[in-house]
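Welcome! Take a moment to look over the picture below, and then we can walk through how its parts meet.

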Amino acid sequence: MTAPGQPVRPGGDAPDPSMTGKLVVAWAVVGIPLAWGVWHVVLNALKLF
Amino acid sequence: MAVLSFLDRDRSIAGPGFSRWLVPPAALAIHLSIGQAYAYSVFKIPMTTLLGISAPVAGDWQQATIAHMFQVAIAFLGISAAIFGAWLDRVGPRRAMFASAVCFSGGFLVSAVGVWQHMFWLVILGYGVLGGIGLGLGYISPVSTLIKWFPDRPGMATGLAIMGFGGGAMIASPLSVALMAHFKSPTSMGVAETFVAMGLIYFVFMMFGVFTVRLPAPGWVPAGFVMKTGSNRMITAANVEVGEATRTPQFWLLWTMLCVNVTAGIGIIEQASPMIQEMFTGKVTAVVAGGFVGLLSLGNMGGRFIWSSLSDRIGRRATYATFFLLGPALYATIPHAGAISSVPLFVLCCFVIISMYGGGFATVPAYLRDMFGTMQVGAIHGRLLTAWSTAGILGPLLVNGMRQHEIDLGVPKSGAYTVTMYVMVCLLLVGFVCNLLLKPVDPRHYYRAAAGDAPSTGGSEPAQSGTAAASPRAAS
């Protein structure tokens, strides 16, 4: 994640083993309420057709 | 205060192994919350019977009075974004997001007291003033951070966050209705209780964003990313300070473009439900019109992500040129759709128009970054949002005023929107000309760092801004 010619920060590019889990949780926290809201809108919008 | 030191900019620099893909959900947590503002109308009818409960009685508030809540909130959104933008760039996103959460949630709590005591000035102070400041701070706080994390895809990154503002209403609307139904009793409409619950829920949700957001380490860039020198002079590697940016013609051209795009879009949003019912009398009921409004909110949200992501590929100027050419064509088609009584054609036109309305909001931070660099893009974005406040007044005035004028002249309601649509066409063509006139910023406006004179980026990217200050560089 460091540009060519730039100093690498100590550990800056080291993988974080828990990162995948953090990403899943973070996207779920925002994704689930949004999906719930979109579902309500789609149900209402279907009345158009 | 020491207890709040975790909000410091230095404490929010990303540590080893941090993934930049954690920043968009942090930004979304803020924008999905403050996007509630678009759903405030669900409170309008319940708030007209706070005293009478089953029916309005003397002393109950009128709908027109309640509308001031939203107007004041949007006005304070623009004012606070313009005033606090430079502060935000200095203190970093975490403190600004925290301040936004406190103001936005606090606004609900103050309003709850106002509803409970039936004091409208307290509702305005809470939801309008305090909540509006929370809106402004929250709207701009994640934008410059996302641009720094995604220099390779700034449009997509800011589009993701700003999409949340469009999507927030989709969550807030059913949530508010469900909470009011839960709290309603023979002696209460459940509004005050709902305000308290929403204030607490949104505070927790926004704090998730506060704790998750991180700034990139100084000089950090994504693997393989290089600011290439090429033929595209519309993207600068230099930086312009916020005060200097507002002295450039580029800022005011972008301001005008945003203003006309929002004015045109608000014209549709504001009148969506009555417009479709009046243009297709007998074919579209109020319930169906509700579905149409929901569909528009989907277009508004989706457009924010799709158009801004597309702008990373085709460029900001081409994206806005599409808005300002396709938009007029669609506005001009709407009267025709009414004349041939084609609901699908009308819905399609409005859907694409609203997607471009959202797309305009989502693409403009990346356009600002292209023109003025990343150093104070948050503050510049804040100043630009005054165009939104202006359009928020102009759009409804224009649409409602012209419709009424046509009706007064004896035009049937189904045709009362025709002239308005052609006015929107002209407005968007003005935007097209502004977009054409945009040229790279004159290098005399560039920020030139003196020794020890750190700009208010808080030092998140001194290496980039320092080297870029003297010479404009282009990137693909």
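## Where two chains meet

In this predicted model, 30 residues of chain A are in contact with 38 residues of chain B. Together the two chains bury about 2,800 Å² between them, and carbon and sulfur atoms give 80% of that area. On the chain B side, B:Gly17, B:Leu22 and B:Ile171 stand out: they supply 15% of the area that chain B buries against chain A, more than any other three residues.

What kinds of residues make up the side of chain B that touches chain A? They divide into 31 nonpolar and 7 polar residues, with no charged ones. Between the chains there are 0 salt bridges, and 1 residue pair is found in polar contact across the interface, with both residues at pLDDT 80 or more.

Now for chain A itself. Its secondary structure comes to 1 helix and 0 strands. Chain A has 49 residues, and 18% of them count as buried. Chain A exposes about 3,300 Å², with carbon and sulfur atoms supplying 74% of that area.

Methods. Residues are numbered from 1 along each chain as its sequence is written. Chains are lettered from A and ligands numbered from 1 in the order in which they are written. This is a predicted model: local features need pLDDT of at least 70, side-chain atom pairs count only at pLDDT 80 or more; totals for chains, interfaces and linings use all residues. Side-chain values use heavy atoms; hydrogens and water are left out. Helices (H or I, at least four residues) and strands (E, at least two) are DSSP runs, numbered from the N terminus. Buried means under 20% relative accessible area, exposed over 50%, partly exposed in between (1.4 Å probe, protein chains only). Accessible areas come from the Shrake-Rupley method with a 1.4 Å probe; for residues, only the protein chains shown count as cover. Contact means heavy atoms within 4.5 Å. Buried area is the accessible area (1.4 Å probe) that two parts lose on being put together, summed over both. A salt bridge is a side-chain nitrogen of Lys or Arg within 4 Å of a carboxyl oxygen of Asp or Glu. A polar contact is a pair of N or O atoms within 3.5 Å; within protein, one must be able to donate a hydrogen and the other to accept it, and residues adjacent in sequence count only if both atoms are side-chain atoms. Ala, Val, Leu, Ile, Met, Phe, Trp, Tyr, Cys and Pro count as nonpolar, Asp, Glu, Lys and Arg as charged, and the others, Gly among them, as polar.
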